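Biologist: Can you walk me through this model? I'd like to start with the charged pairs.

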Amino acid sequence: MDEGKVVEALDDIINGRNVKRSVHDLRLDGQSVADIFAERLVSSGFVETTVGEVEIGFDERVAAFLIRDSKAYFGWVFRERFTEEKSRKLYGSEVRNRKGDWAIQIAFNSSEKIFVRYSKKLGMELDGSFVIE
């Protein structure tokens with residue numbers, strides 16, 4: 001395994017270069033490279049945290065990766081607004097289920113770790129749709 005090429009490929013996933021940010025298998029020749037991916041996330045400015053600890057406003061979303069079962073799931077942490085007073089903060093994966101909902105959702109009170117990059121916060125409309133930038 002050429003570690004330089006592995007790191008380059010993982011960095012492409014992290015930065016969305018030459019790949020679609022979605023779900024990525026983190027196994028190479030039967031071995032997990034999830035630990036290397038986590039290290040590269042931190043080197044790229046991501047912080048390991050939980051959804052509940054993410055600081056985010058109603059009109060913001062922040063890029064996030066979930067590492068689960070040797071797979072990296074790209075998604076967003078944001079506030080889903082139901083009414084003017086009621087909302088919930090959650091992680092929603094870019095991967096969708098057959099209904100079009102997030103295939104993976106992580107609630108604000110989960111202890112599951114995710115990686116977020118605050119320096120890349122993006123806008124959201126208050127109705128929950130993403131602002132294209």
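**Charged pairs and strands**

Modeller: Arg 88 is partly exposed, with a relative accessible area of 32%. Keep in mind that this is a predicted model.

Biologist: Which side chain does Arg 88 meet in a salt bridge?

Modeller: Glu 80. The N to O distance is 2.7 Å.

Biologist: How many salt bridges are there by this rule?

Modeller: The count comes to five. One of them joins Asp 11 and Arg 40, at 2.9 Å from N to O. Asp 11 sits in helix H1 and Arg 40 in helix H2, 29 residues apart, so that pair links distant parts of the chain.

Biologist: Is Asp 11 buried or exposed?

Modeller: Asp 11 is buried, at 13% relative accessible area. The cut-off for buried is under 20%. Arg 40 has 23%, so Arg 40 counts as partly exposed.

Biologist: What does Glu 112 form a salt bridge with?

Modeller: Arg 68. Their closest N and O atoms are 2.7 Å apart. Glu 112 lies in the loop between strands S8 (105-107) and S9 (114-116), while Arg 68 is in strand S5, so the pair ties together parts that are 44 residues apart in sequence.

Biologist: How accessible are Glu 112 and Arg 68?

Modeller: Glu 112 is partly exposed, at 25% relative accessibility. Arg 68 is partly exposed too, at 28%.

Biologist: Switching to strands. Which residue is the bridge partner of Arg 68 in S6?

Modeller: Lys 71. S5 and S6 are antiparallel and pair over eight bridges. Their hairpin has two residues between the strands. In that hairpin, Asp 69 has a positive phi, near 55°.

Biologist: And S6 with S7, how many bridges?

Modeller: Seven, again in the antiparallel sense. S7 covers residues 87-93.

Biologist: How does S1 run against S6?

Modeller: Antiparallel, with three bridges joining S1 to S6, which spans residues 71-81. His 24 stands opposite Ala 72 in S6.

Biologist: Where is Ser 22?

Modeller: Ser 22 is in the loop between H1 and S1. Ser 22 has a relative accessible area of 18%, so Ser 22 counts as buried.

Biologist: What does Ser 22 touch?

Modeller: Leaving out residues up to four places away in sequence, Ser 22 touches Ala 72, Tyr 73, Phe 74, Glu 94 and Val 95. Ala 72 is also the residue that His 24 stands opposite.

Biologist: Back to H1. How many residues does H1 have, and how far does H1 reach?

Modeller: H1 has 13 residues, 3-15. From first C-alpha to last, H1 reaches 18 Å, close to the 18 Å expected at 1.5 Å a residue.

Biologist: Which residues of H1 are buried?

Modeller: Val 6, Leu 10, Asp 11, Asp 12, Ile 13 and Ile 14.

Biologist: What covers the buried residues of H1?

Modeller: The cover includes strands S1 (23-25), S2 (27-28) and S5 (60-68), along with helix H2 (34-43). H2 also holds Arg 40, the partner of Asp 11.

Biologist: Last one. What follows H1?

Modeller: Gly 16. The phi of Gly 16 is positive, near 70°.

Conventions:
Residues numbered from 1 in each chain as written. Predicted model: local features only at pLDDT ≥ 70, side-chain atom pairs only at ≥ 80, totals over all residues. Heavy atoms only, no water. Helix = DSSP H or I, 4+ residues; strand = E, 2+ residues; numbered from the N terminus. Expected span 1.5 Å × (residues − 1). Buried < 20%, exposed > 50% of the residue type's maximum accessible area, 1.4 Å probe, protein only. Contact = heavy atoms within 4.5 Å. Salt bridge = Lys/Arg side-chain N within 4 Å of Asp/Glu carboxyl O. Pairing = 2+ DSSP bridges.
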